[in-house]
Amino acid sequence: MAKLATLLPLLLFLLTASLVFSRNTDREQYGEGGEHPAESEQSSNNPFFFDEKSFRTPLKTREGNLRILDRFTQRSHLLRGIEKYRLAVLEANPNAALMPTHYDTDEILFVVAGRATITLMRKENKESYNLRKGDILRVEAGTTHYIINRHNKEQLLIAKLLETMSVPGQVQPFFGIGGRNPESYYTSFSKNILEAAFNTEDEKVRKVFQENQEGAFVSVPQEKIRQIAQQASSSSEEGRTHGGRRRGPFNLFEKHPTYSNQHGQIYEVDSSDYPALQAQDISVAYAIIRGGSMLAPYYNSKAFKVALVVDGKGHWELVSPYGSARSGEGRESQEESVSYQRLSAELSDGNGLVVPPGHPSAIVAEGGQDLRVLCFGINAEENQEHRLAGRDNIYNKMNKAEREIFFKAPETEVREVLNAQRDAGIVEGPKGSQESESEGRGRAFQSILGFAGF
Amino acid sequence: MAKLATLLPLLLFLLTASLVFSRNTDREQYGEGGEHPAESEQSSNNPFFFDEKSFRTPLKTREGNLRILDRFTQRSHLLRGIEKYRLAVLEANPNAALMPTHYDTDEILFVVAGRATITLMRKENKESYNLRKGDILRVEAGTTHYIINRHNKEQLLIAKLLETMSVPGQVQPFFGIGGRNPESYYTSFSKNILEAAFNTEDEKVRKVFQENQEGAFVSVPQEKIRQIAQQASSSSEEGRTHGGRRRGPFNLFEKHPTYSNQHGQIYEVDSSDYPALQAQDISVAYAIIRGGSMLAPYYNSKAFKVALVVDGKGHWELVSPYGSARSGEGRESQEESVSYQRLSAELSDGNGLVVPPGHPSAIVAEGGQDLRVLCFGINAEENQEHRLAGRDNIYNKMNKAEREIFFKAPETEVREVLNAQRDAGIVEGPKGSQESESEGRGRAFQSILGFAGF
Amino acid sequence: MAKLATLLPLLLFLLTASLVFSRNTDREQYGEGGEHPAESEQSSNNPFFFDEKSFRTPLKTREGNLRILDRFTQRSHLLRGIEKYRLAVLEANPNAALMPTHYDTDEILFVVAGRATITLMRKENKESYNLRKGDILRVEAGTTHYIINRHNKEQLLIAKLLETMSVPGQVQPFFGIGGRNPESYYTSFSKNILEAAFNTEDEKVRKVFQENQEGAFVSVPQEKIRQIAQQASSSSEEGRTHGGRRRGPFNLFEKHPTYSNQHGQIYEVDSSDYPALQAQDISVAYAIIRGGSMLAPYYNSKAFKVALVVDGKGHWELVSPYGSARSGEGRESQEESVSYQRLSAELSDGNGLVVPPGHPSAIVAEGGQDLRVLCFGINAEENQEHRLAGRDNIYNKMNKAEREIFFKAPETEVREVLNAQRDAGIVEGPKGSQESESEGRGRAFQSILGFAGF
């Protein structure tokens with residue numbers, strides 16, 4: 001038995017190891033085999049909320065940085081529907097520029113704050129645009145471009161929705177002019193090829209393309225910025241057209257807001273406003289919720305909304321069906337049941353959210369400060385936002401006969417509840433402070449695995 | 001050695017466990033990581049056939065039920081091409097209604113039997129349609145709608161093809177008015193948000209939305225049904241149009257059948273008949289095969305057909321290529337070979353079938369009773385059905401020179417065989433009873449793993 | 001302790017087994033669960049290059065063969081973006097024909113060498129075309145067709161890009177007339193069904209469809225070839241149109257080359273030339289690089305290029321970003337970095353290449369012989385080729401102000417380097433022999449796992 005005892009630790013290790021491998025397999029199954037399965041454990045219980053730890057910073061110098069949200073499928077298999085998209089945020093200091101680069105992704109840019117000049121080196125020509133807050137611009141995959149913060153005091157902040165093509169969810173940056181980090185892609189070609197390509201000695205070529213030791217962001221003299229910005233057009237001008245299609249930027253705030261009242265505004269731009277959004281079936285929306293007001297419960301019929309909290313603080317709730325697949329525990333027998341849970345998050349600047357189609361959601365702005373949220377809509381065409389409270393509540397479409405069939409409460413009570421809120425879209429928020437999650441009626445999120453619908 | 005003996009069971013357990021984990025991985029690989037990998041073992045040897053055990057019943061009360069076929073990729077990786085689709089069947093008692101709900105999927109409905117009134121609460125308006133047998137209606141994702149069986153004696157039976165968006169193959173139902181099962185999605189919002197949204201005390205809101213204890217199906221007084229049905233339009237009327245597009249139902253039996261003879265009829269509707277089908281690239285077909293007759297061997301060029309046996313009994317055969325990838329066993333050396341196997345199934349009401357593109361298939365109706373099969377076609381555009389026997393047999397397109405090149409039998413024998421069957425589409429079935437599977441010449445299905453093509 | 005020693009091998013085996021299972025899981029994760037995970041180890045370090053061992057030969061007789069490249073995702077998850085495509089090469093002896101067959105894939109054919117007659121048995125009619133070198137033809141999925149080498153001395157060589165539909169990346173061939181290998185799909189139907197379908201005794205049907213013992217390729221008498229070819233049309237004629245759409249072949253060499261100089265030519269055909277390419281969003285290009293010349297460094301903005309070396313020898317370099325995800329080792333701390341590696345390959349007839357979008361690439365023809373490369377472009381619409389050297393170099397679009405911001409070398413040196421090469425597209429190649437890979441500046445490919453972008 002002494003010998004058995006000697007062996008036991010080894011045996012237990014083996015057993016444990018086997019179980020661990022099995023669990024890994026499960027996790028990968030739900031996480032869709034991301035590169036960093038272990039990291040998925042860092043994610044919170046709300047698979048649709050992303051705090052600052054969910055962003056990586058592939059480009060960073062003193063002059064600026066590019067942050068990018070983790071691959072959605074690295075978080076949860078529930079996000080498979082948007083696996084090819086990524087959300088990124090570019091920040092540049094006054095008078096700093098991001099070096100010329102191309103990505104293997106299509107991009108929709110939105111200027112969150114500041115003033116930029118962007119230059120796109122398209123095959124047939126070069127185009128420069130002066131961008132300001134609210135400008136939306138599509139940059140097609142493979143277009144070498146550079147971005148300058150043309151303001152000499154304010155930070156530039158640009159949000160991007162990237163649509164990947166090569167490997168779903170994977171973004172690859174290509175810098176031609178580089179140094180230590182980023183490198184120049186030229187310097188990976190062999191000596192002979194570089195010399196023949198440029199008809200020049202290898203050393204000279206490398207010197208030209210590999211001398212930048214400042215990194216991905218460089219500081220630009222103001223006089224050069226003026227020179228470049230002078231030749232650029234802007235969204236307030238006609239916007240350059242190419243083959244009848246407007247290629248320049250479109251400013252979101254030029255549109256009348258979809259909702260506007262004392263509680264805030266919602267602005268929405270889709271391909272009927274800015275045709276460049278059509279190729280990717282994207283929309284862009286921007287909600288300004290006054291402090292203490294609330295984006296009333298609603299759902300999107302078809303679109304995923306990938307949102308970025310731009311400014312302010314707030315509270316977000318999302319209602320998600322679950323348990324249908326595995327009710328069992330704590331309920332009678334094998335009967336399936338349709339029930340929902342509340343997923344909530346406290347919001348602040350820089351947080352990311354995903355609102356999947358069909359899921360009811362509401363956002364409350366914390367008192368004292370406006371909450372600003374930028375939303376990219378994926379599968380935007382034919383999407384409709386259905387309001388679940390307020391004047392344009394979908395249940396207000398029912399007539400008396402219908403209400404009496406489906407509502408079991410007396411008609412007078414039903415009408416009272418449906419009609420008490422006279423505002424629409426954005427309404428007055430909760431009066432007191434938000435109850436803590438544990439007080440809520442919604443059950444705690446028990447397990448992502450049980451979140452299965454049918 | 002006694003000690004070794006003591007340890008052996010443990011060691012064997014570990015070894016077995018490791019192998020099991022390895023096998024799990026394999027199975028998941030082929031089952032594409034469905035939620036219930038273990039269940040895939042319940043599936044029959046024919047990965048394209050689905051009996052009643054393949055359906056789940058997420059909604060069920062005394063007044064009705066909704067049954068839904070398992071996710072296709074839960075059955076086999078061979079069905080990956082249709083992983084985002086689900087087949088469902090809704091059944092409601094006379095005068096019963098399915099509560100207002102929205103799904104995160106687009107739906108194509110087909111009324112198999114009975115009479116319904118469906119009301120769609122679209123963003124801009126509410127539309128009601130009286131549906132009858134043969135009506136096809138598209139319900140866009142996220143449209144809150146309810147369905148009433150408006151007949152006071154007959155059952156209502158509706159088949160649905162669901163196209164999922166959020167998570168491929170996963171369907172999520174959202175009920176606003178509920179109780180214990182289904183719950184109301186409203187009640188998952190926190191107290192403060194509900195109160196602010198409705199400008200009403202939380203308790204009143206919950207009472208209104210959460211008083212339904214009858215479940216997903218409720219009984220409706222006949223007078224209310226009359227009231228609602230009176231305001232509804234139907235497929236025999238013009239059909240409401242919205243922006244030039246017909247949004248109301250289209251009746252399949254209004255069309256002339258594609259094939260019609262003493263052996264049966266085939267009706268087919270595509271987007272040229274009913275433009276609402278275009279957005280999803282779906283077609284709907286309905287075959288009535290007289291007892292003892294046969295849908296002659298044919299294949300679809302591009303479409304997957306997802307079929308539901310609506311009425312009757314029959315025998316189905318599907319020819320599938322396999323073994324090309326791993327011939328090895330029982331054959332000479334490493335040479336690859338192209339061979340086929342027969343997959344067959346005995347059909348009865350409620351069975352599901354999938355006919356993949358390119359695969360030859362035939363269906364025989366059992367004597368004495370018509371066999372009725374509903375078929376949803378996926379990738380419908382440009383699809384062609386190629387007949388492999390009968391007057392419009394593709395081999396009848398060859399001329400004498402061609403026949404003499406490819407057929408090794410004498411030309412007279414070839415012509416005799418190709419011309420003996422004068423009917424087309426549906427023909428007289430086999431005279432005797434069907435041979436049992438084991439008598440057939442087709443080899444038994446050896447392993448799904450070997451079914452690989454190249 | 002003697003007993004422990006007895007057990008140790010077993011324990012070690014178990015431990016090893018567990019680890020192996022774990023590693024398998026990882027590999028499958030990156031290989032996306034192909035059928036033959038073990039085979040992925042055979043692949044070279046360059047996941048974008050395919051030598052002869054990467055091809056399988058599912059059809060082969062003395063008269064001809066069909067070779068097909070492995071599924072792309074069997075090689076690497078980096079190829080997931082093109083997982084539904086396959087590259088194949090058909091070779092037939094003089095006067096040999098490939099038996100009538102249909103595939104469950106759309107096909108784009110390109111005649112690499114020789115003269116063929118192809119007959120398509122479409123639903124409504126039969127069409128025959130005489131094909132010659134450079135002809136491109138789309139064959140829709142499910143179209144039964146046969147191909148004859150109508151030359152009595154030369155080999156016929158046809159390259160195909162297959163787009164799969166049923167199971168991504170899986171191709172299934174269906175032969176109606178067969179024997180031992182290929183079998184006829186008819187013979188898998190049961191006796192009773194065959195007899196009823198053909199209204200003929202089972203034995204006669206089987207004799208007609210199953211008498212071919214020659215295999216997939218048969219020899220055709222010259223007089224029959226003449227007979228069939230006489231009735232066929234060709235790309236030099238008007239080309240048959242159906243509903244306004246040209247369905248016949250289009251000859252690539254009828255177009256003016258996009259680039260043409262003393263170093264070679266590039267021909268490109270897209271859907272604006274040949275509308276049949278539009279449905280699949282494919283383009284076809286053909287580069288003739290003179291011995292000693294070079295396709296200068298360039299990248300595709302959106303398209304994957306799937307290429308086949310048709311003739312000659314050469315050297316290929318592809319620049320790929322990597323290491324961004326896991327820089328760590330050998331670098332300071334946790335900082336991420338953007339760097340690139342060179343993937344190279346020595347090319348000869350029959351090799352396959354994939355150039356992913358965004359990736360810089362160059363090809364050098366070995367002295368003494370032209371190098372000919374056929375390229376299928378996937379995601380062809382809106383694709384642009386951006387040149388990284390030569391007269392139309394994208395960096396030549398920058399003006400002085402821009403160059404002075406981004407290039408750190410003196411303006412005169414920059415201009416000297418950018419302007420020294422006066423040719424465009426194809427330029428004079430390296431003078432000496434190619435340096436060996438180990439001499440190159442690009443780092444060796446360390447690990448596919450590290451190749452992750454961000």
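Predicted model: local features only at pLDDT ≥ 70, side-chain atom pairs only at ≥ 80, totals over all residues.
Residues are numbered from 1 along each chain as its sequence is written, and chains are lettered from A in the order in which they are written. Local features need pLDDT of at least 70, side-chain atom pairs count only at pLDDT 80 or more, totals for chains, interfaces and linings use all residues, and side-chain values use heavy atoms, without hydrogens and water.

Chain A holds 7 helices and 29 strands. These are DSSP runs, numbered from the N terminus (helices H or I, at least four residues; strands E, at least two). Of the 454 residues in chain A, 65% are buried. Buried means under 20% relative accessible area, exposed over 50% and partly exposed in between, with a 1.4 Å probe and protein chains only. UniProt, in an unreviewed entry, lists "domain: Cupin type-1" for residues 48-206 and 250-415 of chain A. Such annotations may be inferred rather than shown by experiment. Residues 48-206 of chain A are 11% helix and 47% strand. The end C-alpha atoms of this span lie 45 Å apart.

Helix α7 of chain B covers residues 411-419. Its buried residues are B:Glu411, B:Val414, B:Val417 and B:Leu418.

In chain C, 7 strands form an open antiparallel sheet, ordered β2-β3-β4-β11-β6-β9-β17. Strands β2 (55-61) and β17 (250-251) of chain C stand at the edges with a single partner strand each, so one side of each lacks a neighbour in the sheet. Two strands pair if DSSP finds at least two bridges between them. Strands β3 (residues 64-69) and β4 (residues 85-92) of chain C pair over 5 bridges. C:Gly64 has C:Ala92 as its bridge partner in β4(C).

Across all chains, 48 aromatic pairs are found. Rings of Phe, Tyr and Trp (its six-membered ring) pair with centres within 6.5 Å; planes under 30 degrees apart count as stacked, over 60 as edge-to-face and the rest as tilted. The ring centres of A:Tyr186 and C:Tyr395 lie 6.0 Å apart with planes at 55 degrees, so the pair is tilted. Both A:Tyr186 and C:Tyr395 are buried. For B:Tyr340 and C:Phe174, the centres lie 6.1 Å apart and the planes at 20 degrees, so the pair is stacked. This pair crosses between chains, from strand β24 of chain B to strand β12 of chain C.
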